[in-house]
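Take a look at the model below.

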Amino acid sequence: MFEERLEKLNNLPDNLSGKYILYSMEASLREDFNFSLEFAIQKANKLNKPLLVSFFITDKYKHSNQRYYKFMIEGILKTKKAIEERGIKFVIQKDDYVNGTLKLSKEAVCIVLDKNYLKTQRKWRENIAKASQVAVYQLENDVVVPIQVVSDKPIPYAYLYRDRLNKVIDRFLKPVEKIDLKVNSKDLDVESLEFKTPDEFLSILNIDKTVSTVDKYFVGGYDEAEKRLKEFIEKKLYKYKEFRSDPSKDYTSNLSPYLHFGQISPLKIVLEVLKHYDKNDENVVSFFNELIVWRELSRNFCWYNPLYNQYEGIPQWARQTLEEHKKDKRDYVYSLQEFEEAKTHDPYWNAAQKELLKTGKIHNYMRMYWAKKIIEWTEDPKQAFDIACYLNDKYALDGRDPNGYGGISWCFGTFDRPWQERKVFGKIRYMNDKGLERKFDVKFYMFKTDRS
Ligand SMILES: Cc1cc2nc3c(=O)[nH]c(=O)nc-3n(C[C@H](O)[C@H](O)[C@H](O)COP(=O)(O)OP(=O)(O)OC[C@H]3O[C@@H](n4cnc5c(N)ncnc54)[C@H](O)[C@@H]3O)c2cc1C
């Protein structure tokens, strides 16, 4: 069940005199459909040792703010309970991931980690593997098909990724089997912070409280993710292909925040959909194209391109054309503050930014328009790239994710081809307000955003 998802990050053996197996959870914050957890249980059973699961929290992470911390904490408290119900000790400690993991690893047989695709998180894992005195295992838990199975290099277009993925996907469409634990570890003597509510947890963190929470729209946790998935399959999926690009309607899954925090597994989503629908149904094909092809292509992009979150990481042709048009006169130029406060001349753009400020997410179609217009109304494309990343990472619940960097980079030409040349954009694909008016009821989208 684990082979193709499993990697050993150092050459050290298990320390058989260690007290416990340590699973240091970071990317896959769930009990269900979690390969890392089941691998750690299997290891514990084989060696007749208890299993310790840890979660470390720090207030020094990028844009640490109460909006996404609350969502993450709501999720982690529920996951702690679900894991404890299986007889496993779960500890929460205030520490950074590397330090905390290494401290607990001093008494461990081995360490189990989840894979992550972003630079900072990869560095954390490298540092753990370098400094650890015991074996470090990592499992690729948050994709349907491990990205290195699909390709050992960056893939420039979605259709190429889809072709490669389709050749191998069938063997990965199997549920994660739950393994019964032999040694109950609940009495392991390891310190843990205990909280009754997410707010009590939040109160010990020195994070940015100026970004509002978004509980009215999204509550964290695997149970909430499952509710949304059920609702999506029952009420929305049958119209997904037709309406997924219509922001005035509500036909997408809204699962991206849950996927971002690993509160639900993409594999579980796929298998649940296939319990109710045929894999060749046009809506399923369209949904899997987003959930699997585009989502996993973004992971391929971040894994193989270290400049994924920088303007310099876009394709050569795109950079060249944008540079050639750098001096073109812009009809409007806005500062970061004006963008952030939704104070442009364009009511459609302002509505998208307000949706982000209020709800923590923008509909995909408006998200493309949103980033394209930042290019048009900024003096320099590099500055535009940075503004889009800053706003998305700060306000989006699903931000700071490979999808965000892939999505923003797409607006700058990545995964795309040259189009007809025009002012400011050069050969980068252009979008305008007339296109929105033609495609859907944009006035109703504005009304909905205002009213929500
Ligand atoms: C400028 C820009 C910024 C973006 N920033 C983010 C971000 O920070 N985080 C994020 O998760 N997505 C981002 N996306 C991709 C996409 O907009 C969101 O994934 C989608 O809107 C999430 O809503 P949903 O869960 O209802 O999607 P659904 O349509 O229900 O799709 C299901 C899942 O498929 C994945 N998915 C859907 N569309 C895409 C896509 N275009 N690329 C990659 N994966 C996709 C997501 O995980 C999504 O949850 C961005 C796109 C653009 C153009």
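This is a predicted model: local features need pLDDT of at least 70, side-chain atom pairs count only at pLDDT 80 or more; totals for chains, interfaces and linings use all residues.

One of its nitrogen atoms sits 2.9 Å from a polar backbone atom of Asp398. Side chains take part as well. Lys361 places a polar side-chain atom 2.9 Å from an oxygen atom of the ligand. Arg367 has a polar side-chain atom 3.4 Å from a ligand nitrogen. How much of the ligand does the protein bury? Taken alone, the ligand exposes 820 Å², and the protein buries 95% of that.

Now widen the view to the shell. There are 25 residues around the ligand. Tyr240, Thr252, Ser253, Asn254 and Asn364 come nearest.

Helix H12 gives the most, with six residues. Domain 2 (142–175 + 222–304) and domain 3 (311–451) each provide at least three residues of the shell.

Next, find the open sheet of six strands. Its order is S1-S6-S5-S2-S3-S4, and the pairing is mixed. Strands S1 (6–8) and S4 (89–94) form the edges, each pairing on one side only. From one strand to the next, the twist averages 25°.

Zoom in on one pair. Strands of a sheet pair through backbone hydrogen bonds, either parallel or antiparallel. Which sense do S5 (residues 108–114) and S6 (residues 135–139) use? They pair in the parallel sense, over five bridges. Leu113 has Gln138 in S6 as its bridge partner.

Key:
Residues are numbered from 1 along each chain as its sequence is written. Side-chain values use heavy atoms; hydrogens and water are left out. A residue is near a molecule or strand if one of its heavy atoms lies within 4 Å of it. A polar contact is a pair of N or O atoms within 3.5 Å; within protein, one must be able to donate a hydrogen and the other to accept it, and residues adjacent in sequence count only if both atoms are side-chain atoms. Accessible areas come from the Shrake-Rupley method with a 1.4 Å probe; for residues, only the protein chains shown count as cover. Helices (H or I, at least four residues) and strands (E, at least two) are DSSP runs, numbered from the N terminus. Domain bounds come from an automatic or database domain assignment. Two strands pair if DSSP finds at least two bridges between them. Axes are lines fitted to C-alpha atoms, for helices over the stretch in contact, and angles run from 0 to 180 degrees between N-to-C directions.
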